[in-house]
Amino acid sequence: MSTTPALTTHQVTYDDKTVTQFIIASVAWGAIALIVGLLIALQLTFHVLNFDTAWLTFGRLRPLHTNAAIFALVGNMMFAGIYHSTQRLTKARLGSDILSKIHFWGWQFIILLAAVTLPLGMTQGKEYAELEWGIDLLVTIVWVVFAINFFIMLAKRNERHLYVAIWFYIATIITIALLYIVNNLALPYSATKSYSLFGGAQDALTQWWYGHNAVAFFLTTPILGIMYYYLPKAAGRPVYSYRLSIIHFWALVFIYIWAGPHHLLYTSLPDWAQSLGMVFSLMLWAPSWGGMLNGLLTLRGAWDKVRTDPVLKFFVAAVTFYGMSTFEGPLLSIKAVNALSHYTDWTIGHVHGGTLGWNGFMAAGMFYWLVPKLFHTKLASTKMADAHFWLGTLGILIYMVSLWIAGISQGLMWDAVEPTGGLSYPDWAEMINATWWMYIFRAVGGTLYLVGWILMIVNLLKTAKQGEAREVTIEVTRFDTTVKTPSNANLIFGLPFIVMALGLLGGVLTGLDSVILAVLGAGILLALVFWVDALTGGLRKGKEGWHDALEGKPLAFTVLVFLAVAVGGVIELVPGLLVNNEAPISTGTAIYTPLEVEGRDIYVREGCYNCHSQQIRPFYSEKLRYGDPSTLAESQYDHPFQWGSKRTGPDLAREGGKRGDEWHWRHMLNPRDIDESSIMPSYPWLATSLVDSSRTGGKMMVLRTLGLPYTDQEIAESQAHYQRQAEGIVANLKKSVDITADPQSELIALIAYLQRLGKPFVAPTKAGD
């Protein structure tokens, strides 16, 4: 006669101190991110706010703003929510007190390094991935610490099943590690300078595979997990549909990773990659809105609480903004729409609708619910929280609408052509001036949002002051570990995995240029029906279903998440990285001379890619304005690529030779000397700051390792060639406008680079020629 082993009961004390620390950090860094954001918004209307100071210019502060908003505000909020909710869901303390401390202080140190290095111009020059290689290493180490701490907690959990929120947390941890490591692969030149391992179109594809999915798996999936925990808690209602949450999770994780190329429509990226990104972006509508509806329908029977509970107000608005953003994103990925919206402020409005509305409001709602719980008291002022809500909502709407108007206006004016065939608006300043008032309204909206955030800080401080932080200890009984469950291998390689693999094969076959294979692929795709059935109940007839069993196996769950993400990443990236995209030039020919290498580094350092693209689309209007469309080969030696994603200023892909050296000199020192209505910052320090050309040869050696065809002789003679080319530009300046310049001036190097853009490949002249 068998007996059931007695289950032991023990105490668990939650680590809420770490949670509180992350909340404090999120609120504080969030205020800084918003203040910097307001400053750069005002710089676009009042150029004097750049203060003619290197570390305060728009090009250097914009990366600080984006990194602070993503990694400081949302990052710290995410860690707080994950650590608090997972402890309750697993009835276990965080994995290690030491790891928790390393995680918290390590992450704050990274943010501090970013706050110092980015304004100093230490950047990799890639959006949302600007941090230099040394900081990237720290990010990787701290992220691994976070992952270990999290998975130790799962290993010692006292609840068998993993709740839906934890699924999203696992997806975040695994995918961000993959994305961050691959995209930030670089070859260091010094402690503060490195060059991207990938170049040109390959770098663009990798960057936006990362950039899009950083939004997906840093700003979306963890926040969805937080929504699945805190929204039902605040409403006092269970999640609307468990089955819908399963479909929502797996569809989102699998589809999202493919959609990155929609950021590169109409560029020189191969058409197949662009089409792949657009199709999968459109497919995202279904799972995204499935998650939104699952969140909103959770409030069934509790909508009356929304009128009086500020927490629910923020959550409902946040989920609504999530729905708006995930509708607008696929819309903007449609080629016909993207032709109008890309490079305009419409994209900026879209991004901020998601960040301020979805992330910001979810953060506020979580803080308003969580801080009173942590300090065992009530929220100090619901009226102040309500005021925050309405100020924030009004601010977001003003911000988004103003940039929608500005962006659509910009797209239409750029593309407008007269019946005679000429551009309707050939003057760039005229188009910028047309949207000036929209930039003012944008700043007004940002100000309202900032005021609301400050009200929240005051409210939370009052709440903490009137309460007391105390440890929470509970009695728990660990689940019966002797119960027989399917093995990890059986779960990983079970029916759903097989059907998913067949579905992927079917999708690939359907896209091939063969009727027979396409029909075969379509037939295979029908297997997905059985996959969905398996996930949502087909195996639940009288026994535990496959997904139920999977929820009790964190290892199998994590492996399947990795496979779902990795498959899309591999299929999207590998063909692009292997394609032979070299230009038809002879061996030993260098694309950039030593002087131009230094000039390009200065261009990247000053963040010029934040306002200028280097990618001409195949449109008639763009050919009239800029020249022939960009080709794949032209940027093959660009490490990093500088195609850009926003045109506050005109495209520079074919800038070389259009204007004289003296024009560029005057324009960089004071753009108002060229056009009095220009909003571009002045760069007076470039004229007096000097380049150490003795280091240029070392940079060329690093670039040669990455594929640039420099010879030993070219590297050895780099300093002499640098001096000779620089003296030629200095002579031109002296002759044309009687300007006396130092050949080692950074501005001379930048002018050389700008004059190089769009010109044919030319081998550098050897010393003595």
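User: Which residues lie nearest the centre of the largest pocket?

Analyst: Happy to start there, keeping in mind that this is a predicted model. The largest pocket holds about 900 Å³ of space, and its lining counts 42 residues. Those nearest the centre are W428, H612, G649, P650 and H667.

User: Which element gives the most residues to the lining of the largest pocket?

Analyst: Good one to follow with! The elements that give two or more residues to this lining are α2 (58-90), α16 (428-434), α25 (620-625), α26 (661-669) and α31 (746-756). The top contribution is 4 residues, and it comes from α26.

User: How many nonpolar residues are in the contact of α5 with α8?

Analyst: On the α5 side, V164, W167, F168 and A171 take part, and their partners in α8 include Y242, I246, F249 and L252. By class, this contact has no charged residues and 2 polar ones. The nonpolar count is 9.

User: Which residue in β3 stands opposite L187?

Analyst: Strands β2 (residues 186-190) and β3 (residues 193-196) pair in the antiparallel sense over 4 bridges. A hairpin of 2 residues joins β2 to β3. Opposite L187 stands Y195.

Terms used:
Residues are numbered from 1 along each chain as its sequence is written. This is a predicted model: local features need pLDDT of at least 70, side-chain atom pairs count only at pLDDT 80 or more; totals for chains, interfaces and linings use all residues. Side-chain values use heavy atoms; hydrogens and water are left out. Contact means heavy atoms within 4.5 Å. Ala, Val, Leu, Ile, Met, Phe, Trp, Tyr, Cys and Pro count as nonpolar, Asp, Glu, Lys and Arg as charged, and the others, Gly among them, as polar. On a 1 Å grid over the protein atoms alone, a cavity is a set of points where a 1.4 Å probe fits but cannot get out, and a pocket is an open set with protein on both sides within 12 Å along at least five of seven lines; lining residues have an atom within 4 Å of a point. Grid points are joined across faces, edges and corners, and a volume is the space filled by probe spheres set on the points. Two strands pair if DSSP finds at least two bridges between them.
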